[in-house]
Amino acid sequence: MKALRVTGAWLAVAVASIVPPFAQAQAGQGTVACQDEIGSAAAKRLVTQCFDASPATHPPCNVVNPYAMIREEIARSCKLFEASGPLPADLCATGRTP
(Lines give C-alpha, C1' and ligand atoms only; values in the text may rest on other atoms or scores of the structure.)
Protein backbone atom coordinates (compact mmCIF):
# COMPACT_ATOMS: atom_id res chain seq x y z
CA MET A 1 0.00 0.00 0.00
CA LYS A 2 2.89 2.32 0.72
CA ALA A 3 4.17 2.03 -2.87
CA LEU A 4 0.74 3.07 -4.12
CA ARG A 5 0.91 6.28 -2.07
CA VAL A 6 4.36 7.09 -3.41
CA THR A 7 3.17 6.41 -6.95
CA GLY A 8 0.16 8.68 -6.40
CA ALA A 9 2.35 11.45 -5.04
CA TRP A 10 4.79 11.07 -7.92
CA LEU A 11 1.90 11.17 -10.38
CA ALA A 12 0.57 14.38 -8.83
CA VAL A 13 3.99 16.00 -9.16
CA ALA A 14 4.36 14.79 -12.74
CA VAL A 15 0.94 16.11 -13.73
CA ALA A 16 1.60 19.44 -12.02
CA SER A 17 4.79 19.85 -14.04
CA ILE A 18 3.03 19.08 -17.33
CA VAL A 19 -0.27 20.95 -16.97
CA PRO A 20 0.20 24.57 -18.01
CA PRO A 21 -0.18 27.17 -15.28
CA PHE A 22 -3.38 28.77 -16.64
CA ALA A 23 -3.67 31.31 -13.86
CA GLN A 24 -0.15 32.55 -14.57
CA ALA A 25 -0.64 32.44 -18.32
CA GLN A 26 -3.75 34.58 -18.14
CA ALA A 27 -2.39 37.13 -15.69
CA GLY A 28 -1.64 40.41 -17.40
CA GLN A 29 -2.71 39.22 -20.84
CA GLY A 30 -5.39 40.80 -22.97
CA THR A 31 -8.58 39.07 -23.87
CA VAL A 32 -8.22 39.53 -27.63
CA ALA A 33 -8.41 36.19 -29.40
CA CYS A 34 -5.28 35.09 -31.23
CA GLN A 35 -7.23 34.80 -34.48
CA ASP A 36 -8.34 38.43 -34.11
CA GLU A 37 -4.82 39.59 -33.26
CA ILE A 38 -2.80 37.85 -35.99
CA GLY A 39 -5.44 36.56 -38.40
CA SER A 40 -7.15 33.22 -38.80
CA ALA A 41 -4.55 31.45 -40.97
CA ALA A 42 -1.58 32.48 -38.80
CA ALA A 43 -3.50 31.60 -35.62
CA LYS A 44 -4.25 28.11 -36.95
CA ARG A 45 -0.55 27.58 -37.75
CA LEU A 46 0.41 28.77 -34.26
CA VAL A 47 -2.14 26.42 -32.66
CA THR A 48 -0.67 23.52 -34.66
CA GLN A 49 2.82 24.47 -33.41
CA CYS A 50 1.45 24.66 -29.87
CA PHE A 51 -0.06 21.17 -30.06
CA ASP A 52 3.19 19.85 -31.57
CA ALA A 53 5.20 21.27 -28.66
CA SER A 54 2.96 20.88 -25.63
CA PRO A 55 2.91 17.73 -23.51
CA ALA A 56 -0.09 19.03 -21.55
CA THR A 57 -3.33 17.07 -21.59
CA HIS A 58 -5.38 20.26 -22.06
CA PRO A 59 -2.97 22.90 -23.43
CA PRO A 60 -4.19 26.43 -24.20
CA CYS A 61 -3.72 25.76 -27.92
CA ASN A 62 -6.87 27.36 -29.26
CA VAL A 63 -7.36 30.24 -31.71
CA VAL A 64 -9.76 31.94 -29.27
CA ASN A 65 -7.08 32.19 -26.56
CA PRO A 66 -4.75 35.21 -26.48
CA TYR A 67 -1.70 35.07 -28.77
CA ALA A 68 0.67 35.58 -25.83
CA MET A 69 -0.85 32.63 -23.93
CA ILE A 70 -0.26 30.28 -26.86
CA ARG A 71 3.30 31.58 -27.32
CA GLU A 72 4.00 31.09 -23.62
CA GLU A 73 2.83 27.48 -23.82
CA ILE A 74 5.21 26.84 -26.72
CA ALA A 75 8.07 28.50 -24.83
CA ARG A 76 7.22 26.56 -21.65
CA SER A 77 7.20 23.30 -23.58
CA CYS A 78 10.50 24.06 -25.28
CA LYS A 79 12.09 24.88 -21.92
CA LEU A 80 10.64 21.70 -20.40
CA PHE A 81 12.22 19.52 -23.09
CA GLU A 82 15.38 21.60 -23.53
CA ALA A 83 17.68 19.01 -21.98
CA SER A 84 16.41 16.00 -23.89
CA GLY A 85 15.76 17.86 -27.14
CA PRO A 86 12.89 15.78 -28.58
CA LEU A 87 11.26 18.84 -30.16
CA PRO A 88 12.38 20.01 -33.61
CA ALA A 89 14.88 22.86 -33.38
CA ASP A 90 12.82 25.06 -35.70
CA LEU A 91 9.77 24.73 -33.43
CA CYS A 92 11.70 26.19 -30.51
CA ALA A 93 13.67 28.76 -32.51
CA THR A 94 13.67 32.24 -31.01
CA GLY A 95 11.53 34.65 -32.96
CA ARG A 96 9.68 31.98 -34.90
CA THR A 97 6.48 33.30 -36.41
CA PRO A 98 3.34 31.31 -37.12
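The legends below accompany close-up views of a predicted model.

**Figure 1. Overall arrangement of the protein chain.** The protein chain contains five helices and zero strands, and its elements follow the pattern α-α-α-α-α along the sequence. Of its 98 residues, 31% count as buried. Among contacts in the protein chain with a separation of 6 or more, 62% are made by residues 24 or more positions apart.

Figure 2. Helix α4 spans residues 40–53. Its 14 residues reach 20 Å from the first C-alpha to the last, close to the 20 Å expected at 1.5 Å a residue. The buried residues of α4 are Ala-42, Ala-43, Leu-46, Val-47, Gln-49, Cys-50 and Ala-53. Viewed down the axis of α4, these buried residues fall within an arc of 160°, so they line one face of the helix. Ala-41, Lys-44 and Asp-52, on the other side of α4, are exposed. The packing partners of the buried residues are α3 (34–38) and α5 (67–80).

**Figure 3. Helix α5 and its buried residues.** Helix α5 has 14 residues. The distance from its first C-alpha to its last is 20 Å, close to the 20 Å expected at 1.5 Å a residue. Buried positions in α5 are Met-69, Ile-70, Arg-71, Glu-73, Ile-74, Arg-76, Ser-77 and Cys-78. This list includes the charged residues Arg-71, Glu-73 and Arg-76.

**Figure 4. The packing of α4 against α5.** The axes of these two helices come within 9 Å and cross at roughly 30°. With angles under 35 degrees counted as roughly parallel, α4 and α5 are therefore roughly parallel to each other. The crossing in which α4 passes α5 is left-handed. On the α4 side, the residues that meet α5 are Leu-46, Val-47, Gln-49, Cys-50 and Ala-53. Their counterparts in α5 are Tyr-67, Ile-70, Arg-71, Glu-73, Ile-74 and Ser-77. Leu-46, Val-47, Gln-49, Cys-50 and Ala-53 also belong to the buried residues of α4, and Ile-70, Arg-71, Glu-73, Ile-74 and Ser-77 are likewise buried in α5.

Figure 5. Cys-34 lies in helix α3. Its relative accessibility is 0%, so Cys-34 counts as buried. Leaving aside residues up to four places away in sequence, Cys-34 touches Gly-39, Ala-43, Leu-46, Val-63, Val-64, Asn-65, Pro-66, Tyr-67 and Ile-70. Of these, Ala-43 and Leu-46 are among the buried residues of α4, while Ile-70 is one of the buried residues of α5. Cys-34 and Tyr-67 are 33 residues apart along the chain, and their C-alpha atoms are separated by 4.3 Å. Tyr-67 is also among the α5 residues that meet α4.

Figure 6. Pro-66 occupies the loop between α4 and α5. With a relative accessibility of 12%, Pro-66 counts as buried, because the cut-off for that class is under 20%. Pro-66 is also one of the residues touched by Cys-34. Between the C-alpha atoms of Pro-66 and Val-32 the separation is 5.7 Å, although these residues are 34 residues apart along the chain. Ala-42 sits in helix α4 and is buried, with a relative accessible area of 13%. Ala-42 and Val-63 are 21 residues apart in sequence, and their C-alpha atoms lie 9.4 Å apart in space.

**Figure 7. Phe-81 in the segment after α5.** Phe-81 is located in the segment that follows α5. Its relative accessibility is 25%, so Phe-81 counts as partly exposed. Phe-81 and Cys-92 are eleven residues apart in sequence. In space, the distance between these two residues is 10.0 Å, C-alpha to C-alpha.

Terms used: Residues numbered from 1 in each chain as written. Predicted model: local features only at pLDDT ≥ 70, side-chain atom pairs only at ≥ 80, totals over all residues. Heavy atoms only, no water. Helix = DSSP H or I, 4+ residues; strand = E, 2+ residues; numbered from the N terminus. Expected span 1.5 Å × (residues − 1). Buried < 20%, exposed > 50% of the residue type's maximum accessible area, 1.4 Å probe, protein only. Arc of directions from axis to C-beta. Contact = heavy atoms within 4.5 Å. Axes fitted to C-alpha atoms, helices over the stretch in contact; angles between N-to-C directions. Parallel < 35°, antiparallel > 145°, perpendicular 65-115°, else oblique. Left-handed = near helix turned anticlockwise from the far one by under 90°.
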